[in-house]
Amino acid sequence: MDQPLLRFSAALLLVLATAAPAQAEDTPLIDGGKLLLTNGVATIEGTSGGGVASWSTIAGRETDRGIGLSGHVTLIELPDYGWQSHGFAVGIANRIELSYARQNFDTRDVGAALGLGEGYTLNQDIFAAKVRLLGDVVYGDPLLPQISVGIEHKRNRDTPVALAVGAAHGKGTDVTISATKLFLSHSVLVNATARLTKANQTGLLGFGAAGKNDHSLQFEGSIAYQLSRRAVIGAEYRTKPDNLAFAREDDWLDLFAAYALTKNLTVTAAYVDLGSIATFHKQRGGMLSAQFAF
Amino acid sequence: MFLLAAALLIQPAIEPQTDWDKEFGIEEKVRDPVTGEFPVDPYVRDNRHAGATPFSGSAMAEAFGGQDGIRRIANRTVELSEADLRIAAIFVSHDMVRLKRTLFEQFCYILNAGCYYSGRDMATSHKDLGIRMRDMNALVENLQAAMREEKIPFAAQSRFLSKLAPMSGDVITR
């Protein structure tokens with residue numbers, strides 16, 4: 001290794017080594033005081049939750065006295081489509097969560113069949129905010145869940161396609177209310193979320209349709225069993241509206257396993273059944289997601 | 001050399017040390033010769049001070065290795081916490097001999113392993129400690145580590161934590 005680079009690396013290591021203990025003493029803003037896995041894993045919409053369902057958890061590993069950060073990448077492989085999403089979230093004082101996610105939905109051969117062109121990718125940006133109203137996932141009254149309300153503003157980046165398949169809008173806003181509790185006595189986590197939404201396939205096919213332009217009430221449920229401090233398995237179910245005339249839209253379900261490889265890195269693998277998407281049925285496949293949280 | 005000698009010479013004479021405890025009327029605490037604990041203000045003893053109803057049956061006590069296993073877990077939790085830079089400062093002026101005993105009694109009582117709890121209630125015993133949620137989380141991690149070392153099955157660990165978690169309101173004070 002050439003000398004200047006070696007010296008630079010050594011100096012950098014020295015600075016990092018001396019900076020770390022000083023940081024520990026005056027309780028930094030970001031130091032990750034949450035219990036493992038209690039920040040959930042990123043959802044396909046970028047909020048913290050169980051992968052497919054949003055939970056009332058606040059992203060990041062910080063407790064009520066600092067700012068937590070989280071970033072994720074998710075891949076879903078389906079018979080006819082490919083999904084990729086990524087995003088980040090900021091958790092402020094375990095009270096407020098602000099998140100952004102980008103969804104990229106590769107239509108592959110379906111794109112050609114629908115006249116969009118092979119491999120046409122539908123894209124969407126999601127800006128979300130969530131506020132914890134009361135309760136705690138782990139602590140306090142064992143029967144009082146952590147309850148949060150959230151708002152997800154979705155901006156489809158392929159509005160002409162959404163409108164062409166019959167959607168009424170290219171933008172939409174979901175409102176969620178979630179209750180999540182870890183029942184330690186049984187090592188079981190339960191989540192229930194109600195969502196008001198117009199989104200067709202989470203918004204990738206736009207929002208609403210002619211004659212079906214109201215928000216509808218949908219449900220997301222998760223149940224998970226904690227195997228160890230680091231490992232959890234679970235199942236989720238998510239109902240969806242069925243607005244578009246050209247294609248049926250099904251409820252979603254997934255079976256997941258999440259593992260905290262380190263306190264900062266959680267990997268989630270899941271079997272997902274996304275039903276029928278844009279006339280292509282039985283979209284069942286695998287999901288893989290990695291989340292870095294601080 | 002000369003400068004050093006001069007510096008030593010002009011140092012003021014050492015004054016007799018002031019007994020500040022005496023000046024401010026602070027009595028020196030003396031450990032009880034039998035228990036090794038510092039005396040505490042009198043209070044009424046009550047098992048309800050343990051902050052949770054005990055498990056019924058003997059399954060949990062057995063899962064934790066009876067009183068011997070529980071004592072090792074309580075002691076180890078305290079030792080890990082004293083060495084844990086995140087929360088060590090909380091224990092600096094604490095009577096650790098008493099803490100180890102009362103924590104053991106509390107664990108033993110809740111796990112229904114045949115003990116009485118003689119300590120103070122959770123609100124009183126934690127009121128001056130200034131514990132934050134992240135401190136409680138650190139303590140939980142240390143307790144989990146102590147239970148892991150004793151090979152307590154994870155489901156039983158969580159079941160025990162389910163009795164402790166609702167105490168957060170009394171423990172977390174800021």
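Which residues in helix 5 of chain B are buried?

**Entry 1, ground rules.** I am working on a predicted model, in which local features need pLDDT of at least 70, side-chain atom pairs count only at pLDDT 80 or more, and totals for chains, interfaces and linings use all residues. Residues are numbered from 1 along each chain as its sequence is written, and chains are lettered from A and ligands numbered from 1 in the order in which they are written.

I took helices (H or I, at least four residues) and strands (E, at least two) as DSSP runs, numbered from the N terminus. I called a residue buried if 20 or more other C-beta atoms lie within 10 Å of its own, exposed if 12 or fewer, and partly exposed in between, with C-beta atoms placed from the backbone. To the opening question I noted Leu99(B), Thr102(B), Leu103(B), Phe104(B), Glu105(B), Gln106(B), Phe107(B), Cys108(B), Tyr109(B) and Ile110(B). These buried residues pack against helix 4 (66-82) and helix 8 (154-164) of chain B. I then checked the length: the helix has 15 residues (96-110), and at 1.5 Å a residue it should span 21 Å, the expected span being 1.5 Å times one less than the number of residues. Its end C-alpha atoms are 21 Å apart, which agrees. After the helix comes Asn112(B), with a positive phi near 60°.

I found Pro42(B) in the loop between helix 2 (20-23) and helix 3 (59-63) of chain B. Pro42(B) is exposed because it has 6 other C-beta atoms within 10 Å. From Pro16(B) it is 26 residues away in sequence and 37 Å in space, C-alpha to C-alpha.

Leu37(A) is not a glycine, yet its phi is positive, about 70°. I placed Leu37(A) in the loop between helix 1 (3-25) and strand 1 (41-42) of chain A. Leu37(A) has 23 C-beta neighbours inside 10 Å, so it counts as buried. Arg108(A), also other than glycine, has a positive phi near 45° and is found in helix 2 (residues 108-113) of chain A. With 18 other C-beta atoms within 10 Å, Arg108(A) is partly exposed.

I listed three helices and 14 strands for chain A. Of its 294 residues, 43% are buried. I then looked at contacts (C-beta atoms, placed from the backbone, within 7 Å). I noted 19 residues of chain A in contact with 17 residues of chain B. The chain A side has seven nonpolar, seven polar and five charged residues; Ala, Val, Leu, Ile, Met, Phe, Trp, Tyr, Cys and Pro count as nonpolar, Asp, Glu, Lys and Arg as charged, and the others, Gly among them, as polar.

Key
Two residues are in contact if their C-beta atoms, placed from the backbone, lie within 7 Å.
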